[in-house]
Amino acid sequence: MKVLTPIDVQACGVRTLGLDPSSYDLLSIEAIAASLRRVSGFLCPCPQRTLVQAVVEPLEEIINDKKQFSEAVEDALEAMIAYGDLLEEFEVGTIERSHRSPLIYASPPSFICRQSGAVLLVGIAPDHCSAMPERLQKRIDFRNHIRRLFPQNGQDLRKDLKQFGLAELSANLWLKQAPPSESSGNYLKRISTKLRQSSGIIDHLTILNSDKPVDHYRRRWEEVKAQSGRYVARRPQTYGNDLWCYVELNHGEAVKLLDFPVDTSGLRGCDEAWRLQLAIDAERGDPQLFRVRHESHESIVEFYSPVPLWASRHWDFIGEPITATGALFAYKFPANESVEEIEFIQRKLWLKEIL
C-alpha cells in the first residue's frame, strides 16, 4: 500500500481529467472546467447547483477556502455555458412560466473553424473525457474554459474531426449575433415599460444594489430589507436555480415585477439582467468599468462585472481568456484588434475605460 501525498493526489486527479500535471493543478481554471465537463457527462440534465456541488464536495479536504473555490467553480460554469459546452434551457411541459426551472444540458461534441485553420472545441462526450482519439487529445490547447486545436503540417482538421463524429458549427450560428446598438437610456426605458403590477413581500429576494461600487460585482448583491427603487434581482423557487428578474420595490415590498428571460428575446435570464444592470449604471452616471493594458503585440482587457453571452462568445472567438488579477475576468487580444474591441465594448455595453 502506498500513501499518497496531497501533491500526488492532485497530480493523479489532473491526469484523470486529461490534463498535464506539470502545467496545471487540480484547482486551476482549466482543471475546474475539465471537472465540470466530466460531471456534466454523467449528471446532465440537472440544475447548476448540482454540477457545482459535484465538483466542490470531493475536493473539500484539499481546498483552503471552500467559499472562494465554490465561486471559482460557479464562474467557470457560467463561462462554459456562455461558450457553448453546456446549454441552459427551461423545463418543458411546465405551463406556468413563473414555475419553469432552468436546467443544464450537455452540448454534443462539436467544433468551430477559424480562418487560420485552428478550431474551437465545444461540447461534451457523455461518460468520456474526450470524443477524440488520444493522439488529438494530447494536442488540445487549454486556456481557461476554452479548448483549441491547431493543424499540423497542412492537416485538414475539419475532415478529421468530422470523421470522429464531431459536428461542425458555423461561426455565425455559434457567435450569437449581438443585438442592435442603442443608447443605455433607450434600452432602460424599453425594459421598464414591460414591468407589471405585483404585490407583497417576496421571501429571500436578493437585489443588485446600484449604489455599491461597480468594480466588485459580488459585493453589490444584498438581501431586501426596506429598500425602495428599481433593481435587478433574483428570487428563489422551490426547485431549480433562482430566477432573474427586474423589480420595483416600495419599502421592501414588490409593487412591479418582470421575470427574465422575456419570451421574445431568445436570451438567457442572466444575459438580460446583466445588460440591464449595465444600462442602469450608465444612466446613473457611474458606468461599469474596464481596463486596457497594452503590451508589445497584444492588449489585455480586464472586466469587473459579467457580460451577456453574445459578448463573451465574441471575445472567445477573437481573443483568448486569461487569468485576471484584481478583476472578474480578462481577455488577451492581438494589438491590431484592440481598437475595434474597445469600440465594441463602449458601444454595445456602455462601459467606461479606466485611464
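Let's start with helix H2 (residues 29–43) and helix H4 (residues 66–83), which pack with their axes 9 Å apart and at an angle of about 70°. H2 is therefore roughly perpendicular to H4, a label for angles of 65 to 115 degrees. The crossing of H2 past H4 is right-handed, meaning that the near helix is turned clockwise from the far one by less than a right angle. H2 contributes Ile 32, Ala 33, Leu 36 and Arg 37 to the contact, with contact meaning heavy atoms within 4.5 Å.

This is a predicted model, in which local features need pLDDT of at least 70 and side-chain atom pairs count only at pLDDT 80 or more, while totals for chains, interfaces and linings use all residues. Residues are numbered from 1 along each chain as its sequence is written, and side-chain values use heavy atoms, leaving out hydrogens and water.

Now to the sheet. Five strands form an open, mixed sheet in the order S16-S17-S15-S14-S18. Strands S16 (320–322) and S18 (352–354) stand at the edges with a single partner strand each, so one side of each is left without a neighbour in the sheet. S15 (residues 298–303) and S17 (residues 329–334) pair in the antiparallel sense over six bridges; two strands pair if DSSP finds at least two bridges between them. Glu 302 has Ala 330 in S17 as its bridge partner.

| Helix | Strands | Angle |
|---|---|---|
| H10 (residues 309–318) | touches S15, S16 and S17 | about 45° with S17 |
| H11 (residues 338–349) | lies across S14 (289–294), S15, S17 and S18 | about 175° to S14 |

Angles run from 0 to 180 degrees between N-to-C directions.

Methods: Helix = DSSP H or I, 4+ residues; strand = E, 2+ residues; numbered from the N terminus. Parallel < 35°, antiparallel > 145°, perpendicular 65-115°, else oblique.
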